[in-house]
Amino acid sequence: MPPDRSTMLTDALKVNPNDVRWHFTADYYDGPISGLAFFRERLYRFCCFPEDIPEHHVYVLHELTAEELTEELRIKAKFETLVGTHWSFDREGRPLGRTLRSAESQKRFYDEEKFNPKVDPWDRPVVAWFDVAQSGKTSAS
């Protein structure tokens, strides 16, 4: 059984969703589940709580090691090359131009990467968290 949310979602770590900008969505189901986001000019991993899907209201930010960040950015670049840019955003959180690659190219990415982006909010300490429902937004910007 996972820890109680209240122990990790303290008021001191709550941030305004407007201060978070999506950079790459690694997992999606009726909304972003996990990926990379800018917060205070640094890239962090974001994820929502599995029990919140499909609402996707509460997200946590986790710090990445230099090696993890390098790997996440490598996967992002390869995803954009072989799958498309539909889940990518610029540094300001604006969606990149929508490009979708061929089915054969997409299959190559998933075959080569054995891509399994499942991350858990309890994987590591929370740097910050935000609730997009309270701002009336459906995603960070």
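How many aromatic pairs does the structure hold? There are 12 of them. The model is a predicted one, and the tour below starts from one of these pairs.

**Stop 1: an aromatic pair**

Select Phe 109 and Tyr 110 and show their side chains. The two rings form an edge-to-face pair, with 5.0 Å centre to centre and 85° between the planes. Phe 109 is buried, at a relative accessible area of 0%, whereas Tyr 110 is partly exposed, at 36%.

Now extend the selection to Phe 24, Tyr 28, Phe 79 and Trp 87. Together with Phe 109 and Tyr 110, these residues form one aromatic cluster.

**Stop 2: helix H3**

Select residues 103-113, which are helix H3. Which residues of H3 are buried? They are Ser 105, Phe 109 and Glu 113. Look down the axis of H3: the buried residues fall within an arc of 50°, so they line one face of the helix. Ala 103, Glu 104 and Lys 107 are exposed on the other side of H3.

Move on to Lys 114, which follows H3. The phi of Lys 114 is positive, near 45°.

**Stop 3: helix H2 against H3**

How do the axes of H2 and H3 cross? They come within 8 Å and cross at roughly 155°. That angle makes H2 roughly antiparallel to H3.

To see the contact, colour the two sides separately:

- On the H2 side, select Arg 74, Ile 75, Lys 78, Phe 79, Thr 81 and Leu 82.
- On the H3 side, select Ser 105, Gln 106, Arg 108, Phe 109, Tyr 110, Glu 112 and Glu 113.

Phe 79, Phe 109 and Tyr 110 are among the residues that meet here, and they also belong to the aromatic cluster of the first stop.

**Stop 4**

Is Thr 81 buried or exposed? Thr 81 counts as exposed, with 52% relative accessibility. Leaving out residues up to four places away in sequence, Thr 81 touches Arg 101 and Ser 105. For a distance check, pick the C-alpha atoms of Thr 81 and Gly 31: they are 50 residues apart along the chain and separated by 22 Å.

Next select Glu 72, also placed in helix H2. Glu 72 is buried, with a relative accessible area of 19%; the cut-off for buried is under 20%. Beyond its neighbours within four places in sequence, Glu 72 is in contact with Leu 36, Arg 45 and Leu 64.

**Stop 5: the loop between E2 and E3**

Go to strand E2 (32-39) and strand E3 (42-48), and select Arg 40 in the loop between them. Arg 40 has a positive phi, near 50°, and is a residue other than glycine. Its relative accessible area is 65%, so Arg 40 is exposed. Glu 41 lies in this loop between E2 and E3 as well. The phi of Glu 41 is about 65°, again positive although the residue is not a glycine.

**Stop 6: a charge over a ring**

Finish with Arg 5 and Phe 49. What sits over the ring of Phe 49? The charged end of Arg 5 does, 3.8 Å from the centre of the ring.

Notes. Residues are numbered from 1 along each chain as its sequence is written. This is a predicted model: local features need pLDDT of at least 70, side-chain atom pairs count only at pLDDT 80 or more; totals for chains, interfaces and linings use all residues. Side-chain values use heavy atoms; hydrogens and water are left out. Buried means under 20% relative accessible area, exposed over 50%, partly exposed in between (1.4 Å probe, protein chains only). Helices (H or I, at least four residues) and strands (E, at least two) are DSSP runs, numbered from the N terminus. The arc is that of the directions from the helix axis to the C-beta atoms. Rings of Phe, Tyr and Trp (its six-membered ring) pair if their centres lie within 6.5 Å; planes under 30 degrees apart count as stacked, over 60 as edge-to-face and the rest as tilted. A charge sits over a ring if NZ of Lys or CZ of Arg is within 6 Å of the ring centre and within 35 degrees of the ring normal. Axes are lines fitted to C-alpha atoms, for helices over the stretch in contact, and angles run from 0 to 180 degrees between N-to-C directions. Angles under 35 degrees count as roughly parallel, over 145 as roughly antiparallel, 65 to 115 as roughly perpendicular and the rest as oblique. Contact means heavy atoms within 4.5 Å.
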